Amino acid sequence: MNRIKQREQAFFLIFQNHFNAQKDEDAIALYNENVELIGDYAEMLYDGVVEKNQELEDLISEFSTGWKINRIAKVNLSILKLALYEIIYVDDVPDSVAVNEAVELAKKYSGKEDSAFINGVLGAYIRSKSSK
């Protein structure tokens, strides 16, 4: 299974976690039983986002100028967490790929304006990272 599909799986699990913060293994088991088998990369992303959730939310708050985290749609929040996790913790994924994949997820599951918002937040983070 390719990484695009596994990112989408991780996105579904992260999104679900906003509403039902059950143990990671339970969410993965339910997905495996009811949807399809989770790929190793998807599981790694999901586990990482859950582990680093507060750090990722703090970054989203910092770089989503004018938006409080509780006002950001859960779909967009899930996409942002996933992309930021990849940018920060997955060394073999270029930042541009993580951003592009996040924008594509937003176009598919959110809206065109939301994809621009996600691109802007991620771009602001990357610019700040490169200026350090």
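A: One definition to begin with: the expected span of a helix is 1.5 Å times one less than its number of residues. Also, this is a predicted model.

Q: How many residues does α7 have, and how far does it reach from its first C-alpha to its last?
A: Helix α7 has 19 residues and reaches 27 Å, close to the 27 Å expected at 1.5 Å a residue.

Q: Which residues of α7 are buried?
A: They are Ser115, Phe117, Ile118, Val121, Leu122, Gly123, Ala124, Tyr125 and Ser128.

Q: And what do they pack against?
A: The buried residues of α7 pack against α4 (53–63), α5 (74–89) and α6.

Q: Take Ser115. Why does it count as buried?
A: Its relative accessibility is 6%, and buried means under 20%, so Ser115 counts as buried.

Q: What does Ser115 touch?
A: Leaving out residues up to four places away in sequence, Ser115 touches Val103, Ala106 and Lys107.

Q: Let's move to α6. What is its reach from first C-alpha to last?
A: Helix α6 has 15 residues and reaches 21 Å, close to the 21 Å expected at 1.5 Å a residue.

Q: Which of its residues are buried, and what covers them?
A: The buried residues of α6 are Ala98, Val99, Glu101, Ala102, Val103, Leu105 and Ala106. What covers them includes α1, α5 and α7.

Q: How do α1 and α6 sit relative to each other?
A: The axes of α1 (residues 3–17) and α6 (residues 95–109) come within 11 Å and cross at roughly 60°. The two helices are therefore oblique to each other.

Q: Is that crossing left-handed or right-handed?
A: The crossing of α1 and α6 is right-handed.

Q: Which residues meet there?
A: From α1, Ile4, Arg7, Glu8, Phe11 and Phe12 meet Val97, Glu101, Leu105, Lys108 and Tyr109 of α6. By class, this contact of α1 with α6 has six nonpolar, no polar and four charged residues.

Q: Buried or exposed?
A: Leu37 counts as exposed, because its relative accessibility is 60% and exposed means over 50%.

Q: What does Leu37 touch?
A: Not counting residues up to four places away in sequence, Leu37 touches Met1, Gln9 and Asn32.

Q: What separates the C-alpha atoms of Leu37 and Met1?
A: They are separated by 10.0 Å, while Leu37 and Met1 are 36 residues apart along the chain.

Key:
Residues numbered from 1 in each chain as written. Predicted model: local features only at pLDDT ≥ 70, side-chain atom pairs only at ≥ 80, totals over all residues. Heavy atoms only, no water. Axes fitted to C-alpha atoms, helices over the stretch in contact; angles between N-to-C directions. Helix = DSSP H or I, 4+ residues; strand = E, 2+ residues; numbered from the N terminus. Parallel < 35°, antiparallel > 145°, perpendicular 65-115°, else oblique. Left-handed = near helix turned anticlockwise from the far one by under 90°. Contact = heavy atoms within 4.5 Å. Nonpolar A, V, L, I, M, F, W, Y, C, P; charged D, E, K, R; others polar. Buried < 20%, exposed > 50% of the residue type's maximum accessible area, 1.4 Å probe, protein only.
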